[in-house]
Amino acid sequence: MIDIITMLATHWISIIGIVIGGICIAVGVHFVPVGGAPAAMAQATGIGTGTVQLAAGSGLTGLLAAGYMYKTLSAAGAVGISEVILICATGAVGAMIMMTTTMIVGNWVYIYGVGVPPASAKVEYDPITKNSQAPYVAPGTVGQGMPTVCFVSGTIGGLLGGLGGSLVYCMLMWVNGDPAISSIFAIGVFLVNAVLPSYNIQGTIEGFHDPKFKRVPKAIVACFIASLLCGIIAVMIPGTAMFGGI
Amino acid sequence: MEPAMGMGLVALMGAAATVAGCSEDLESDIGSQSNPNSQVQLAAQVGYPHRIFNKAISGEPPSNAMYCAVGAGVAMMLLNSVSTSPLLAIAVGAFVAALLNGVFSTTAYMGRNASQTRFNQYVYLDVLRNHVLGIMGHAYVTTFCIVGLSYVMWNQNLIGHPFPFPVIAMIWGLAVGAIGSSTGDVHYGAEREFQDFKFGAGLNAADSGNITRYAEAGLRSSIDNAWFCSKFGGPVTGIAFGMTVFLDNWRSTAFQGWTAVVAGTIIVILIIIYNRYLELYARKNYGPYPEYSGDVEA
């Protein structure tokens, strides 16, 4: 029991980092414009896949970039706060690249393959470009494709997802120094914080201009609690290095 | 590692990812997995029984993550225990993953169609025989390419990524599934499944489930769907995944530290600008829908 308290007291900063990372992921998921199954039939605005699937796909691609950067920086010396910032930035950019390439190719399919202009059904005018949206929404649908506002929102979602995942990974590496355990646990924390907000989203969300986005505070509270629990468990898991392994 | 060698490896990984993305999308089109499958599932229930394959085992990202992790796990076991050559180990790993895919495809098709007998939707054994090998073949190509590129990333003499081999393969499997589900599947779901309807609009909610069931000659099968999607949906999925793998690895190979971050940010900004250009192109060329009767000006 005393060992557990000592572990928690020693790694309290990692727990805080995991909680911040978890909240970044949760907020990031709300930014990603997902249309679910209807979007796959060009029946709703957004990317034609599930919330968790795309957020995880982009965030974990960022995690790969962050993991490599962590290894490079740790070979040069101890990983401090400034290195963690660089690693998180690398992860965030990796996730943004995945998200933007997916969205641009998705728009190719909508525009050239299905023959529809990207349009949002949640707003009459695009908040960024001020272009009208309603006349371009196909009859019997609730929009299609990714107009500029959704595209920018998705990019921000990728940024936050990649940042959060990378931060969780760095915090775990500080605790156990084992990339294998840290990567698996970071994926786990990522999925927990991507699944919980999907109850807010209920299948489809267009981005920060969608009325559902106002539900973010509820997700922050839920993910704060979930990430805190994950963080407490995570700092008690030793890596192979602690057992004298490689 | 020498810069030229590093760039060569990045190019190789990008090429493997392009093939993987294309075959992943075609595999999901033949099997009718992922979101467009909701219409295949609904068709019989609203009075349109069909001969389209039906295997929504799970979302594409988790299923591909599993195949790739299994393939990499088998390959790693062969590499470590019997010192097999990497190419053979990856080939055997991908074969085991393809077998797993075959088991899931068979049980999914039989289970789903057997449960729809009351809607006159039957289990067609010839559909099962004709499609499962095609699905497994595409799954093999996808797994082989992703396990191969993950091996290049993991091998300490090549790129030397710190994550375990199966975890790298799992993450890329998840990514290829997410990309395939977001890009190529739209071509299948919004266009090929509803070719009877006029080109230039998404599916009207009133027509849900009314999928195209007749081919140029006879009844349409999912092999026909893969033929159609291989002209556009499959290749663009490959480009999307190839671009993701190539651009992400290129910026971290060609540049170091914060310069790599800045290079990545510039790529992202350029893609956002290109999207705006695409949006304007579509709005100008297609124009507003004539059925629109609201008061917002186009």
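The radius of gyration that I shall quote is taken over C-alpha atoms, and the globule rule is 2.2 Å times the number of residues to the power 0.38. This is a predicted model, in which local features need pLDDT of at least 70, side-chain atom pairs count only at pLDDT 80 or more, and totals for chains, interfaces and linings use all residues. Residues are numbered from 1 along each chain as its sequence is written, while chains are lettered from A and ligands numbered from 1 in the order in which they are written.

I begin with chain A. A compact globule of 246 residues would have a radius of gyration near 18 Å, so the 20 Å of chain A agrees. The C-alpha trace of chain A spans about 65 × 35 × 25 Å along its principal axes. Its secondary structure comprises 8 helices and 2 strands; here helices (H or I, at least four residues) and strands (E, at least two) are DSSP runs, numbered from the N terminus. The order from the N terminus is α-α-α-α-α-β-β-α-α-α.

Let us turn to the contact between the chains. Chain B contributes 70 residues and chain A 66 residues, two residues being in contact if their C-beta atoms, placed from the backbone, lie within 7 Å. On the side of chain B that touches chain A, α2 (37-45), α6 (165-182), α7 (184-191), α9 (233-254) and α10 (257-286) each supply at least two residues. The largest share of that side, 18 residues, comes from α10(B).

Which residues have the most contacts inside the largest nonpolar core? They are Cys68(B), Val147(B), Ile168(B), Ala169(B) and Ile171(B), in a core of 172 residues. Such a core is a set of buried Ala, Val, Leu, Ile, Met, Phe, Trp, Tyr and Cys residues joined through C-beta atoms within 7 Å. Helix α5 (residues 81-114) of chain A gives the largest share of this core, 20 residues. Beyond neighbours up to four places away in sequence, Ile171(B) touches Leu60(A), Thr61(A), Leu63(A) and Leu64(A).

Finally, consider Arg220(B), in the loop between α7 and α8 (222-229) of chain B. Arg220(B) counts as buried because it has 21 C-beta neighbours inside 10 Å.

Note on methods. A residue is buried if 20 or more other C-beta atoms lie within 10 Å of its own, exposed if 12 or fewer, and partly exposed in between; C-beta atoms are placed from the backbone.
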